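Thanks for coming, everyone. Have the sequence and the structure side by side.

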Amino acid sequence: MGTIIDSHFLAPTAILTVGYQLIFFIVTALLKIDKVTDFAGSTNFLILAVLTLVLKGTWHFRQVVLSLLVVTWGLRLGFFLLMRILQWGEDRRLDKMRGNLGRLAIFWIFQAEDIIGWIMWSVGVSIEAAADQQKLKFKNSAENIGKWCTVGLWKCSRHPNYFGEILLWWGIFVASTPVLKGAEWLVIFGPLFLTLLLFFVSGIPLLEKSADKKFGNMAAYREYKRTTSPLIPLPTVVYGNLPSWLKTTFLFEFPLYSRSPVP
C-alpha cells in the first residue's frame, strides 16, 4: 500500500489535515462557537497516526506501539481541552478574529507552530523510515556480511534513523504548543527524555561501542567515523574537515561515542 500518492504518505496526511481543519473551521464560522478549536488540533494527530499506520500496512511492533502512544496522547489532550473550554465558555485567542473570516481561516488551517511541527514530523518520519529500510536491505544482502552500513542516508549520518526519531517527536511537541497551558508544558519531557536516552543511554552509545569493537581496527571504518556525522545528516566532505570542538559542541560528537578521540 506504500504507492498511495507518495511512499511516506506526506500528501495524504497534508490533504487530510487541511480538510479536517477546514471542517471544524466551517463549524466555528457558521455557529460562531469556540468550543472545538483545541479539540480539532490535538485529535488531528490521532487521525494521522491511525491513517499512516493503516496505509503502511506492515504492522511492525514498533509502528503499532508508537501509533498507540500518539493516539493515547491525542485522546487525553483532546478531551481534556474540550472539557476545559466547555467549562470556560470561550477561547480568547479568537476574540479579534470572529469578525474576520479570512484571519479566522488562517488561524484554523495554518497556525505557524502547526506548520513548523508538521514539517519537522514529516521530515523526521521520512528520514527514519528511509534509513530503516536502507539498513535492512543492506543487512539482508549476503555480500555485506561483516560490513558497516554506508548506503543512502548512512553515508552522511552514522545514526540517521535516530535523527528522524528525535525530529518527529520534537515536531509533535512544537505543533502542540498552541494548546499548552500551565503544567501541560511538562509534556516537553517526553521528547527531551527520548533525546537524552538516545544520546547517552540505550541508543547511540551502545551502537557506537559495538561498532568500535567490530571495526575499530579497520582504517576505512575509522575514516568513515571521522568524516561522518553521528546524528545530523551532513556531507562527509564538510563534516570531515570541521574542528573537533565544533563537532562536539554543535554536532553531538560526544567523547563517549569513541574509544579514542575523533580527530
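Contacts across the chain, to begin. Residues 24 or more positions apart account for 67% of the contacts with a separation of 6 or more. Contact here means heavy atoms within 4.5 Å.

Some ground rules. This is a predicted model, where local features need pLDDT of at least 70 and side-chain atom pairs count only at pLDDT 80 or more, while totals for chains, interfaces and linings use all residues. Residues are numbered from 1 along each chain as its sequence is written, and side-chain values use heavy atoms, with hydrogens and water left out.

Now confidence. pLDDT is the predictor's confidence in each residue, from 0 to 100. The chain's mean is 82, and 85% of its residues reach 70 or more. Helix H7, residues 189-200, has the highest confidence, at 94. Helix H4, residues 101-109, has the lowest, at a mean of 60. Residues 1-5 have a pLDDT below 50. That stretch still has 11 contacts in the model beyond near neighbours in sequence.

Next, secondary structure. The chain has 11 helices and zero strands. Helices (H or I, at least four residues) and strands (E, at least two) are DSSP runs, numbered from the N terminus.

What does the record say? An unreviewed UniProt entry lists "transmembrane region" for residues 9-33, 39-57, 64-86, 106-131, 162-180 and 186-207. UniProt positions follow the numbering used here, feature names are shortened, and annotations may be inferred rather than shown by experiment. Take two of those spans. Residues 39-57 are 95% helix and 0% strand, with end C-alpha atoms 27 Å apart. Residues 186-207 are 73% helix and 0% strand, and their end C-alpha atoms lie 30 Å apart.

On to burial. Of the 263 residues in the chain, 44% are buried. Buried means under 20% relative accessible area, exposed means over 50%, and partly exposed is in between (1.4 Å probe, protein chains only).

Which residues have the most contacts inside the largest nonpolar core? They are Val-70, Trp-169, Ile-172, Phe-199, Ile-204 and Leu-231, in a core of 32 residues. Helices H2 (37-56), H3 (61-88), H5 (112-139), H6 (160-176) and H7 each supply at least two residues of this core. H6 gives the most, with 10 residues. The core also draws at least three residues from each of domain 1 (10-109) and domain 2 (112-257). Those bounds come from an automatic or database domain assignment. As for the term, a nonpolar core is a set of buried Ala, Val, Leu, Ile, Met, Phe, Trp, Tyr and Cys residues joined through side-chain atoms within 4.5 Å.

Zoom in on Leu-231. Leaving aside neighbours within four places in sequence, Leu-231 is in contact with several residues, including Tyr-162, Phe-163, Ile-166, Phe-199 and Phe-252. A second, separate core has seven residues, among them Phe-24, Val-36, Leu-82 and Ile-85.

Some individual residues. Leu-81 lies in helix H3. Leu-81 counts as buried because its relative accessibility is 2%. Setting aside neighbours within four places in sequence, Leu-81 is in contact with Asp-38, Val-179 and Glu-184. Leu-81 and Lys-35 are 46 residues apart along the chain, yet their C-alpha atoms are separated by 9.0 Å.

Asn-44 sits in helix H2. Is Asn-44 buried or exposed? Buried, with a relative accessible area of 3%. Not counting residues up to four places away in sequence, Asn-44 touches Thr-17, Tyr-20 and Gln-21.

Helix H9, residues 219-227, has buried Tyr-221, Tyr-224, Lys-225 and Thr-227. Their cover includes helix H8 (204-215) and helix H10 (236-239).

Now backbone angles. Most residues other than glycine have a negative phi. Trp-59 has a positive phi of about 60°. Trp-59 is in the loop between H2 and H3, and is partly exposed at 48%. Phe-252 also has a positive phi, about 65°. Phe-252 is in the segment after helix H11 (244-250), and is partly exposed at 24%.

Last, cysteines. How many disulfides does the structure hold? Zero, where a disulfide is a pair of cysteine sulfur atoms within 2.5 Å. Cys-149 is buried at 6%. Cys-156 is buried at 18%.
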